[in-house]
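Student: I have a structure open and some terms to check. Can we test each label against its definition?

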Amino acid sequence: MKSKTLRLISIMMVGWNTFPTFAQNFSSSSNLEPQPTADRVVPFHLSEKGLVHGKVEWGADIAWFDENNLRRSAAFMDKENLEVVRTSFQPTYALTDGDLHPYQKDTIEARIAMLKWVKPDVKLMLNCDHPHVDPWYETNAEAWAELIDVSTKYYQDAGYEVVSVAPFNEPDFGWNQWIPGSQDGTLNTVQRKNGFRKIAEELHKNPRFDGIRICGGNTLNCDEALPWYNSLKEQLDEGNTHQLAGSFDSFAQFFTTVREDGKHATADEMHNVAEAMVGLEYGLQTGIWWGSAEYTRGEFCKASHGERLAYAEHRPNWTAASVYRAPDGKVQAFGGTSERQAVTTTYRFLSKERDVFFDGHGPQREYVMELPGGAPGSYQNGQTNAETVVNITWGDDVQPVVEGTYTLFNKGNRKLLDNHNGSLTTSTYSTGKKSLQWYVNPVDARIGGAFSYHQILSVTSNQTLDVLNWSMDEGAEIILYQNNKGTNEQWYLEYAGDGWFRIRSRHSSLCLKASGNKVIQDKLDETADSQLWRFIQTGVRPRVQDIDAPTGVKAESHASSVLLTWDKADATDPTYTVLRSENPEDGYEIIARYVADTAFVDNKAEEGKTYYYTVKTVDASVNTSPASSTASATVAPTDALVARYEFEENVHDTTLNIRHGAMPEDGVYTEGKSGRYALSLDGSAQYVQLPTNVANHAETTISTWIYWEGGNNWQRVFDFGNGEDEYMFLTVRSDDGRIRFAIRNGGDEQQIDGERITAYRKEWIHLAVTMGEEEVCLYLNGELMASSKDITLRPSDFHPLLNYIGRSQFAADPLFNGYIDDFRIYDYALDAEDIKKLADGTTRICDTPKDEPGTFNVGPLPADRRLDVHYLLDNGPERVDFHIYDLQGNMQLTQRGMNGTTTSFDVSGLPDGMYILKARCGQANDSRKFTVRHP
């Protein structure tokens, strides 16, 4: 057989990596993207009550003497969520008459002065900060305890509540602190622990500490956390560790043990949101950020007071991920890594119940997050301390994806951001003026730390927006500067609705604001139009104006989908947003955006439900119209072919449901069995991903032709599921060499085996699985191989969302090696006679209900150069007259054909859009709508 490589004609979003104003959506699966195999799956249910952690305290650190760390933490966490601050005592000078040295007092006063940036009733935790240790403390546990007592009183006299004190900080690191020999590092761990214990004993004798926790062992390496804690715990009220070295197992077990002992569990130097996520999973009660909290950490602190909807971890890779619903209802996905030990990990977030948008990408069910790490098994080699947050949204107004080249239009002064000879200003629009154009792109995941940010660079100079002098102050000027990728040159985009964003600094959390002709940063003001910006495609003269809603909206039910049509709106370069509701009283939600045609197929409509639809116009300036009038439709239960992939140079569904597939790379095609071409899969990288609802049926038939080239066990013909616990698959060779169909829904796998595949290697065979109400059957070349009434599970029990041809749910299983042709999915169980007809090529089972007078088979869809029409009317005359009309009723093409044969139309001259195909055969009249799309 000869193979050739052909470029797929894709109807996925044009410009997925740019602002998708010119994207094309034909159906609810048009934005399908093939997702890579992920290391872990994070499934979540939006309707379910999540886990509530209980009382959790988050805090910031001023032991590291840097005011900006505290200011930034307060800005990103919000003051009310910053409940505790870690500060210090210093054994740098001996006490005199029971009082601190002036240097120690000045240091405490300086730290107290920093607390003006947090709420007045913030609580304090004290630990040891010792640039050097005065000899007076050596061998003198009473003196060390007295220092803690006097320092604690100093903070209390200033009006602050001290809730915890820690005699040492990271004693496992070898600081040796006050014990004799500390300067030459000769003391062993046992001696250091004895010193720690003696200080804790002294503090417990002091009534001041009756309501204050004594904290330990404060280890740097979490592998040392339990040995230190267990040795000291009789004198401790609080267990504490850091995670700058050590295993995931040790970190998790530490918090579990501390809570089981009835003591307070703390991590007072968190370096990454992963530590917070893992800590909460195993009992953390207080977490303090080392350095400062930025956007990801701040959002996590707020979200953690709500409900945790999902959690996943990868212990060998030292990474974690989660989904939270904050008290205000915001839903977010978080991912993070160990600062010094992580290995690159991918997490697939899977929305089990409904389509959502992930930072504007969607509507879709899955989102793969890659968290970069360093070299496996190494320490700090290539680490970036990566962490991120992704907003999960839905509704009638969802943020657009921002990535590409734009003009930035300010709502307040109606001007555009401008690089005027190297100075940042705002000015009016001028056609072709390059200084108005900006590259706005997400930062690289390896930029260092959090990567939920964008950079904004001038097209003319490649300089970036920069907060002058790293200022944290309101009113500080924004300038253009060389791109050093500093935190003052990165921005997070906060959607404010109606196409407007606030642009907020990674460094200060303040908002970009047009002030006269200058640009400054300022505190959030929800009433200030000067803080609102739109990202508009270059070449568009921005206008804020009212535009008209579409008219003539109609909804037409098909088998397994609804076709919507409307009249073109009078607007500049209009696209359309389609909204749907099952109950208009509860509001409408977006099911498609950037639809360029005046027609759309909702192929995610479910049988037996009534849906209400409305459409909005969006113009080139991102102005949105009111909603159109409402149209409704109900998908009637019927037996139908719901998806068919003929692989005629593409992975398109040739039924009217337009459930197109997607591949990670351009497809390779070879001589076909059923048609002209078949899909060639080489077992190395290629597979087809199908839409999320393609196989969600109580009964089903899946049939296809395959040509297997051989290879390892467990290659999948198809695998539809939600991961390793929920799936149904057909493999050409199981562990015993047989063709096997298997299905699982969290419990035991149910399976049925057929013949050994070896005898059929390198030849075309037809395989089919039917799942009826009572029986599951497995067919080979039209003949029954095996059947079972013991298989009780059906795909509708677990609603498969991750649907593949040629790929498994299990990452370790090989991809399919061979050819696949005419892959069909029905929403009912075909009988043995129908399966026989599929195998011998005499089938009349097409994509319409069986009881209609005439049956169409139309493809490929969308059509490009040709449209093949097979029309069959049982007992009808030979002649069929075909006519093609546009949606305004104007005839475009006409042709005569024969009943039961294929007639081809040359549609290369038809403009892109939706058309009506009508067939007249004797007294019968039938029609179908189809789409023309030229690449």
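Tutor: Gladly. Start with the second largest cavity, at about 80 Å³. Keep in mind that this is a predicted model.

Student: What makes the second largest cavity count among the cavities of 30 Å³ or more?

Tutor: Its volume. The cut-off is 30 Å³, and 4 cavities in the structure reach it.

Student: Which residues line the second largest cavity, and what class are they?

Tutor: His558, Leu563, Val601, Leu656, Ile658, His660, Leu861, Pro862, Met914, Lys929, Phe930 and Thr931 line this cavity. By class, 8 are nonpolar, 3 polar and 1 charged. Lys counts as charged, and Lys929 is in the lining. Strand E58 (residues 924-932) gives the largest share, 3 residues.

Student: What about the largest cavity?

Tutor: About 180 Å³ of space lies there. The lining has 16 residues, and the closest to the centre are Leu32, Glu33, Gln364, Arg365 and Thr692. The lining divides into 5 nonpolar, 7 polar and 4 charged residues.

Student: Where does Gln364 sit in the sheet?

Tutor: In E16, opposite Val356. Strand E15 (residues 356-358) and E16 pair in the antiparallel sense.

Student: How do you know that E15 and E16 pair?

Tutor: Count the bridges. Pairing needs at least two, and E15 and E16 have 2.

Student: What is the strand order of the open sheet, and why are E11 and E16 called edges?

Tutor: The order is E11-E12-E13-E18-E15-E16, with antiparallel pairing. Strand E11 (307-314) and strand E16 (361-364) each have a single partner strand, so one side of each lacks a neighbour in the sheet. From one strand to the next, the twist averages 20 degrees.

Student: What packs on the sheet?

Tutor: Helix H7 (residues 273-281). The helix touches E11, E12, E13 and E18, and its direction makes about 105 degrees with that of E13.

Student: Why is helix H8 called largely enclosed?

Tutor: Because 8 of the 9 residues of H8 (residues 295-303) are buried. Among them are Tyr295, Arg297, Glu299 and Phe300.

Student: Why does Gly754 count as buried?

Tutor: Compare the value with the cut-off. Buried means under 20% relative accessible area. Gly754 has 8%, so this glycine counts as buried. Gly754 is in strand E46 (residues 750-756). Beyond four places away in sequence, Gly754 touches Arg738, Ile739, Leu778 and Met785.

Methods. Residues are numbered from 1 along each chain as its sequence is written. This is a predicted model: local features need pLDDT of at least 70, side-chain atom pairs count only at pLDDT 80 or more; totals for chains, interfaces and linings use all residues. Side-chain values use heavy atoms; hydrogens and water are left out. Helices (H or I, at least four residues) and strands (E, at least two) are DSSP runs, numbered from the N terminus. Axes are lines fitted to C-alpha atoms, for helices over the stretch in contact, and angles run from 0 to 180 degrees between N-to-C directions. Contact means heavy atoms within 4.5 Å. Buried means under 20% relative accessible area, exposed over 50%, partly exposed in between (1.4 Å probe, protein chains only). On a 1 Å grid over the protein atoms alone, a cavity is a set of points where a 1.4 Å probe fits but cannot get out, and a pocket is an open set with protein on both sides within 12 Å along at least five of seven lines; lining residues have an atom within 4 Å of a point. Grid points are joined across faces, edges and corners, and a volume is the space filled by probe spheres set on the points.
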